[in-house]
Amino acid sequence: LDLWASGLGDGGARELALALKENATLTSLNAWANHIGEGGARELALALKDNRSLVSLNLYSNRIGEGGARELALALKENSSLTFLGLGKNGIGEGGAREVALALKENATLTSLNLWSNDIGDDGAREVARALKENNTIASVNMGFNGIGAEGGLEVAMALKGNSSLTSLDLGNNGIGVDRIGDDAIREFAMALQKNSGLTSLGLRASGIGDDGGRALARALRENTTLTALDLDRNGMGEDGVLELLEALQHNGCLVSLILENNSVCTNGESATKGLTTLEPLQI
């Protein structure tokens with residue numbers, strides 16, 4: 001059911017929730033941009049505790065705030081059918097992220113979570129990282145545009161070392177590689193890629209990686225055998241970092257998508273990719 005921008009408001013969300021409590025066939029609900037607010041999120045959360053058919057719920061851009069996230073998190077602890085929850089651009093903040101993360105420690109069915117653009121910061125990322133150490137069903141997490149710095153990035157990277165279920169992680173546009181601690185965070189991601197055997201897609205767009213980070217990730221790519229997509233767009237890498245990554249591809253047989261756009265592309269880039277047979281869109 002697609003109700004994108006239908007002007008539901010909290011009243012419409014209440015009526016929708018009543019229907020969900022009785023409906024046993026609906027599997028997907030898109031309520032993107034409906035201004036349902038915290039009250040509407042509360043009503044839908046109550047419905048989720050009873051509903052056993054819905055597997056996908058997208059509440060992107062609904063201003064649910066921390067309170068709405070808390071209500072939905074409580075529902076996640078009881079719901080056993082939902083596999084995708086989209087909470088992007090809802091202003092849930094650090095507190096909302098904490099509530100959702102705590103729910104992930106108990107929920108065993110959710111496989112995909114979108115927290116894009118919620119200003120969760122380092123503390124929120126830390127809570128999600130802790131959940132990833134315990135949850136063994138979540139496969140995809142999007143935490144892009146969240147004001148996550150080096151400390152939060154470091155926590156997430158360390159969590160990857162012990163996580164075996166996550167296959168897709170997007171941390172783009174967070175600047176986690178900025179400053180000295182950021183260098184440590186990127187190195188930690190590189191080490192995680194050497195040990196993690198489940199991750200297939202990693203988004204680090206606009207993360208302030210620089211040449212040192214590029215070199216660290218290049219070393220990881222020489223050993224990693226599962227990653228198929230890596231987004232390093234807009235990372236302030238010069239020729240040294242870019243070349244290291246391209247040369248690492250000569251020793252990597254699994255990566256099929258590498259995005260290096262908006263970094264300094266060297267004249268040797270084309271020759272460095274000769275002989276590659278697995279890479280499809282090399283975007284530089």
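**Strand residues, helix packing and overall dimensions**

Leaving aside neighbours within four places in sequence, Ser112 is in contact with Thr83, Phe84, Leu85, Ile138 and Ser140. The model in which these contacts occur is predicted. Ser112 belongs to strand β4, which comprises residues 112-114. The relative accessibility of Ser112 is 17%, and since buried means under 20%, the residue is classed as buried.

When residues up to four places away in sequence are not counted, Leu29 touches Leu1, Leu3, Leu16, Leu20, Leu54, Ser56, Leu57 and Asn58. Leu29 and Gly152 are separated by 123 residues in sequence, and their C-alpha atoms are 31 Å apart in space.

The packing of two helices was also examined. Two packed helices are described by the angle between their axes together with the distance between those axes. For helix α6 (residues 150-160) and helix α7 (residues 179-195), the angle is about 15° and the axes are 8 Å apart. Because angles under 35 degrees count as roughly parallel, α6 and α7 are assigned to that class. The crossing of α6 past α7 is left-handed. On the α6 side, the contact is made by Ala150, Glu151, Gly153, Leu154, Val156, Ala157, Met158 and Leu160. Helix α7 contributes Asp179, Ile181, Gly182, Asp184, Ala185, Glu188, Phe189 and Ala192. By residue class, the contact of α6 with α7 consists of ten nonpolar, two polar and four charged residues.

At the level of the whole chain, the secondary structure amounts to ten helices and ten strands. The C-alpha trace spans about 60 × 35 × 30 Å along its principal axes. Of the 284 residues in the chain, 53% are buried. Among contacts in the chain with a separation of 6 or more, 85% are accounted for by residues 24 or more positions apart.

Definitions and conventions
Residues are numbered from 1 along each chain as its sequence is written. This is a predicted model: local features need pLDDT of at least 70, side-chain atom pairs count only at pLDDT 80 or more; totals for chains, interfaces and linings use all residues. Side-chain values use heavy atoms; hydrogens and water are left out. Axes are lines fitted to C-alpha atoms, for helices over the stretch in contact, and angles run from 0 to 180 degrees between N-to-C directions. Helices (H or I, at least four residues) and strands (E, at least two) are DSSP runs, numbered from the N terminus. Angles under 35 degrees count as roughly parallel, over 145 as roughly antiparallel, 65 to 115 as roughly perpendicular and the rest as oblique. A crossing is left-handed if the near helix is turned anticlockwise from the far one by less than a right angle, and right-handed if clockwise. Contact means heavy atoms within 4.5 Å. Ala, Val, Leu, Ile, Met, Phe, Trp, Tyr, Cys and Pro count as nonpolar, Asp, Glu, Lys and Arg as charged, and the others, Gly among them, as polar. Buried means under 20% relative accessible area, exposed over 50%, partly exposed in between (1.4 Å probe, protein chains only).
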